[in-house]
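Hi,

Here is the structure you were waiting for. My notes follow below it.

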Amino acid sequence: MNKWADYYTKKAKDQNWLARSVFKLQEIDKKTKLIRTAANVLDLGCYPGSWSQYSLKKVGKKGRVTGIDILEPDRLNSENFYFIKADVLKLDPEQLKQKIGIQDVVLSDMAPKTTGIVITDVARSLELAYKALEIALSILRSGGNFLCKVFEGSGFEQFKKEVSLSFKKTRLIRPVSTRKKSREVFVVGIYKKD
Ligand SMILES: C[S@@+](CC[C@H](N)C(=O)[O-])C[C@H]1O[C@@H](n2cnc3c(N)ncnc32)[C@H](O)[C@@H]1O
């Protein structure tokens with residue numbers, strides 16, 4: 001493990017978080033006030049669970065977090081956490097809405113298995129990001145927030161534009177805990193338009 005990974009892995013362990021990726025969400029949430037008390041949060045690509053864990057803390061007893069992943073988080077025990085084991089790419093947004101109801105926040109930290117071939121990795125990341133956006137537009141209440149990880153590359157600007165069409169404000173955030181070499185950035189859509 002390199003120095004960077006070591007530092008955030010240790011910090012996550014010391015603070016009892018399930019993964020170091022929590023620090024990205026924490027920073028973005030501080031900057032954008034994405035997640036509020038009593039909110040319903042949908043966490044796409046939730047395994048091993050640190051974003052859901054953070055969201056559960058933020059929403060409190062009156063809120064609820066639904067996580068979806070191919071892998072089931074095994075260390076996330078909370079009455080307010082509901083898990084769906086599924087491939088998000090195969091989900092029907094309308095059926096999902098019927099199952100879990102309208103949401104206040106949709107998060108996606110989904111990432112493809114990287115191949116090292118930039119064009120392939122960027123295309124796969126965009127496919128996941130567009131699916132997350134499709135779900136967000138179907139399931140978010142008016143005024144709801146969207147956060148989505150995506151790899152920068154060909155097609156990224158168009159994705160950002162698509163987000164900005166449906167949300168009052170769009171921000172692009174590269175958290176300090178993201179590796180310098182990484183292509184990942186986070187697109188935040190704040191306040192979904194009617
Ligand atoms: C970086 S991890 C998420 C980490 C998580 N946010 C956390 O803090 O614990 C990315 C996750 O996306 C999931 N993923 C990727 N493609 C997916 C898909 N098509 N459907 C469901 N989950 C997917 C992977 O299984 C993986 O667990």
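Set aside the neighbours within four places in sequence, and phenylalanine 83 is in contact with Gly67, Glu72 and Pro73. (Contact means C-beta atoms, placed from the backbone, within 7 Å.) This is a predicted model: local features need pLDDT of at least 70, side-chain atom pairs count only at pLDDT 80 or more, and totals for chains, interfaces and linings use all residues. Residues are numbered from 1 along each chain as its sequence is written.

Phenylalanine 83 sits in strand β3, residues 81–85. (Buried takes 20 or more, exposed 12 or fewer, and partly exposed is in between.) Its C-alpha atom is 8.5 Å from that of valine 65, 18 residues away along the chain.

Next, the core. The largest nonpolar core has 46 residues, and Val106, Ala132, Ala136 and Cys148 have the most contacts inside it. (A nonpolar core is a set of buried Ala, Val, Leu, Ile, Met, Phe, Trp, Tyr and Cys residues joined through C-beta atoms within 7 Å.) Among the elements that each supply at least two residues of this core are β1 (40–44), β4 (103–108) and α5 (118–139). α5 gives the most, with 8 residues.

Best wishes

Conventions
Helices (H or I, at least four residues) and strands (E, at least two) are DSSP runs, numbered from the N terminus. Two residues are in contact if their C-beta atoms, placed from the backbone, lie within 7 Å. A residue is buried if 20 or more other C-beta atoms lie within 10 Å of its own, exposed if 12 or fewer, and partly exposed in between; C-beta atoms are placed from the backbone.
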